[in-house]
Amino acid sequence: MGHIGELLMVGDSDVNQAGYLQGVERLNPDGWTPDGDSRSNVIRDLLRSLHEQAGRPSKGALKRHADLRGHDVGESTLIGVPSGSGNLRWATVAAFIDACAGYAESRRKPLRGEAVDLNVWRARFDEAHPGVRVTGRRAAPARELSWPVEIGVVPALASAFQKRQTLRARIDEEGGTAVLSGGGGVGKSQLAAARAHRAREAGVDLVMWVDASQPDNVAATFAQAAARIRAPGAEGSNVMTDAEALLTWLASTDRSWLIVLDDLSEPAMISRWWPPTARGGNGRVLVTTRRRDALLSGGGRTVVDIDVYDPEESNAYLTERLTQAGAAHVLDGETSLLATELGHLPLALSHAAAYMIDQQIRCGAYLTLFSDRRTHMDHVLPRTADTENYGRSVEVTLLLSLEAVRAREPGELAMPVVRLIAMLDAAGHPETVWSTPAVRSYLADPAFEETRATLLLLHRYALITYHVAAGPLAVRMHALTSRAVRENTPVGSRPGVTQTAAAALLAVWPTDDYTDPTTSEALRLNAIAVRRHADEDLWHDDGRELLFRIGNSLTDAGLHSAAVEHWRPLVDQADRILGSQHPDTLVFRGNLALSHSHAGHIQVAVTTFEALIRDANGILAGDDPALLAARNNLAFAYHKAGRHADAVTALEELSADLNRFGDSEQRLLLAVRNNLAGTYRQVGRTQDAITASEQVIPDFERILGPEHPDTLAAHGNLANSYIQAKRITDAVYRLERLAADTARIFGPEHSTTLTAVTDLAKVYCLAGRATEAITIVEEAIPLIEQTLGLEHPSALLARATFALAYSDVQRHGEAAALQETIVADAERILGREHPDTLAEWNNLATSYFRDGRLSDAIAIEERLVRDWVRISGPDHPDTLTTRGNLASSYFEAGRHDEAIVQFEQLVKDARRALGPTHPGTLQIVGALRYARFHARRS
């Protein structure tokens, strides 16, 4: 039995005997066997070496760290261990070892393995003192045990500690054992420390903080605690026996207790030491770990996933931390963006805050520095910024588990796997990426089961998150972990990783995004991430194809401004890398021009396409798909610029060429025919437009399918032609179906859906259903402005429909006020003579007319008639409509004779231009009869 009152942290006497004998042989190369005094000297020599390794702590430091670890040994006794002579007591040796270990940890140079393993040291001590267990003196009387008792050192709470109330409530509500599982730097230990501090403040009888990173340390600390609290059965002669005595005491005691197993590294190796369920619920266990093994959730334990801060917590942390340090002046409008860039990782936020405090730079300046890909993470998140004594740099913390993974089966794939994941989007990618031929080749052709086993192993060690149920986001890695991996990837390996990522994404990308928009969006974000990380490694076959796919996907998603920003730098890169005459360079230019057109930058698109076609004619053959597509897109840009006659000429010539080339079913010819139908409508050839649309829609449905975006666009084109033909019922039916189909296929926020919804609201106004139109447009306008921008032509159209609906429900003043802002915006964005701008002026005149402001309406309409005749010709439907509105305004203003003259000439022109039975012609005839009848009566 050990000396009463000593803190015995001992192991089985037969543990690690070989380790001690090897140590003796190293010190005694001749192999002599030491006697008792010599054996003590051997132990002292080893302890002197330990003292040196720990950094030669003073007697005061030894005393302080021995006290922190629960020992009660004097300063002089401790400092005499390496320098004295004669026999040693085990309790003194154990206190000295623990003190050296604690001092080394405080210097951020922790001692590992046998250097501080009490089991190894006890074996050495027993070998040096055979048969000795108790001194020959009478045991001193035990001091009275004083509660509460604290074992181990509970870490201090970080500056600006965030309570994370939701997580705290989840941890507190879990009885028994709660396992806090998460990656490095997410704040697991801080949450556990906060709970331990609250337990101390509440007077919990026993609070234990156990460093569980080394499995042997768990049993040793349990044995130490058993001795400290004098648990029955703890005799001080055997670590295992004493540790078991503590478990028995925990299960049966009425005292309250909390045990924290911090940084558990090997769950399977402490299975014997899981604390029991306390009698009466008076005990709690918290475990912090990076591991995600199923073993952690067995035995009544509950796993609580710990992730990064939410945005509010990140902002609160930075604000409080910087303010408390007297550095509130570095906060600025970029604080939230900085938190996002740091991935809301608590450890990274802490280091970043310390860096900004030291360097006195604002959040925006730090964000610029951090986001610069040339800046290494260790420069902007240096170890010197570890003001909370975490003990490791951010980079080391994030990658700490990687070596452990590589040592496990099948860890040989771990490094290439994490390098590939690091190239992809941090939000996640589909599992299917890992079964593509490109990835199999990159990994030296393993079976998918082996690759999947590697992903699961990385998940268990919290280097990645792997949840098949997450679908397109099944595999993900924190953004800072990804950056740390990329920065440590050899330069020579990067092109291969980049090309593999590009080929794998292309292999699993759906042919048409609309068939699986969720997966397509995830793949697009992953492709954008690869482009961001790859420098110029993508300017090869698969890589360049990925660049094209990103831009086309942005366009398909209706993200036109983002598409412009994607293509713009690629045009410059293509010109520099491939040369100005390379076919792909021309394609990049054409895609940029088309994105400008979709984004409402019409004149830029026209100018760019015209220059492109001039250049391409000298490089590409006449039937080259890129040149043909550019011609179609130029015509489309003419159409949007209001140059409808030019658009008709260009499309008719292109249609003839395509038919001459012989492939009548190609998608480009379908697009040309649909664009031609829309342009016919714009030049007033309404029946030609309807005929062309009704002929091309069946071909769209047969070749592309009824739900293809181009097929749906053709239906919208036909509906608008029906509106111009005054076939309102047909237009309502088709647009109601179109709005429902686009919302179902693309989602409510897609640009295609928003256009269909706006067209439906417009036709509702024409059908006398203005109240329904207002409801629709009120919901659509915020989505349009958010998705396409305030100045996109579709946003103007939605606002104009809103104003029209207001007018239809007799809210004429509001309609006029709104229409005035629309006209101003249309002139600024589209230009003074754009057809859409003229249409908005016409709508403003109508609002004035309905509001009784006849002189204002007449002034606008007289000018508009001249503009329409000059720009679109006297027979264009919009010209005829404006002339009819002017005649109506004359009549309402009492200028009956002028009105009748206008109507009589208008009837003749409408019969000639539209036909005698056209609804528009019949409407004008009715207006003339009304004017004549009321003029005679007056």
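Student: With which side chain does the side chain of Thr519 make a polar contact?

Tutor: In this predicted model, the side chain of Thr519 makes a polar contact with that of Asp516, at 2.9 Å. Thr519 itself is placed in helix α23, which spans residues 517-533.

Student: Does Thr519 count as buried or exposed, and why?

Tutor: Buried means a relative accessible area under 20%, and Thr519 counts as buried because its relative accessibility is 15%.

Student: How many residues of helix α18 are buried?

Tutor: Helix α18, residues 414-423, is mostly covered, with nine of its 10 residues buried; among them are Ala414, Met415, Arg419 and Met423.

Student: Turning to the sheet, in what order do its six strands stand?

Tutor: Strands of a sheet pair through backbone hydrogen bonds, and the pairing may be parallel or antiparallel. Here the six strands form an open sheet with parallel pairing, in the order β1-β3-β4-β5-β2-β6. Strands β1 (149-151) and β6 (302-305) stand at the edges, each with a single partner strand, so one side of each lacks a neighbour in the sheet. On average, and ignoring direction, neighbouring strands of this sheet are turned by 15° against each other.

Student: How many bridges join strand β3 to strand β4?

Tutor: Strand β3 (residues 206-211) and strand β4 (residues 257-264) run parallel and are joined by six bridges; Asp211 stands opposite Asp262 in β4.

Student: Which strands does helix α7 lie across?

Tutor: Helix α7, residues 165-173, lies across β2 (177-181), β5 (283-289) and β6, and runs at about 175° to β6.

Notes:
Residues are numbered from 1 along each chain as its sequence is written. This is a predicted model: local features need pLDDT of at least 70, side-chain atom pairs count only at pLDDT 80 or more; totals for chains, interfaces and linings use all residues. Side-chain values use heavy atoms; hydrogens and water are left out. Buried means under 20% relative accessible area, exposed over 50%, partly exposed in between (1.4 Å probe, protein chains only). Helices (H or I, at least four residues) and strands (E, at least two) are DSSP runs, numbered from the N terminus. A polar contact is a pair of N or O atoms within 3.5 Å; within protein, one must be able to donate a hydrogen and the other to accept it, and residues adjacent in sequence count only if both atoms are side-chain atoms. Two strands pair if DSSP finds at least two bridges between them. Axes are lines fitted to C-alpha atoms, for helices over the stretch in contact, and angles run from 0 to 180 degrees between N-to-C directions. Contact means heavy atoms within 4.5 Å.
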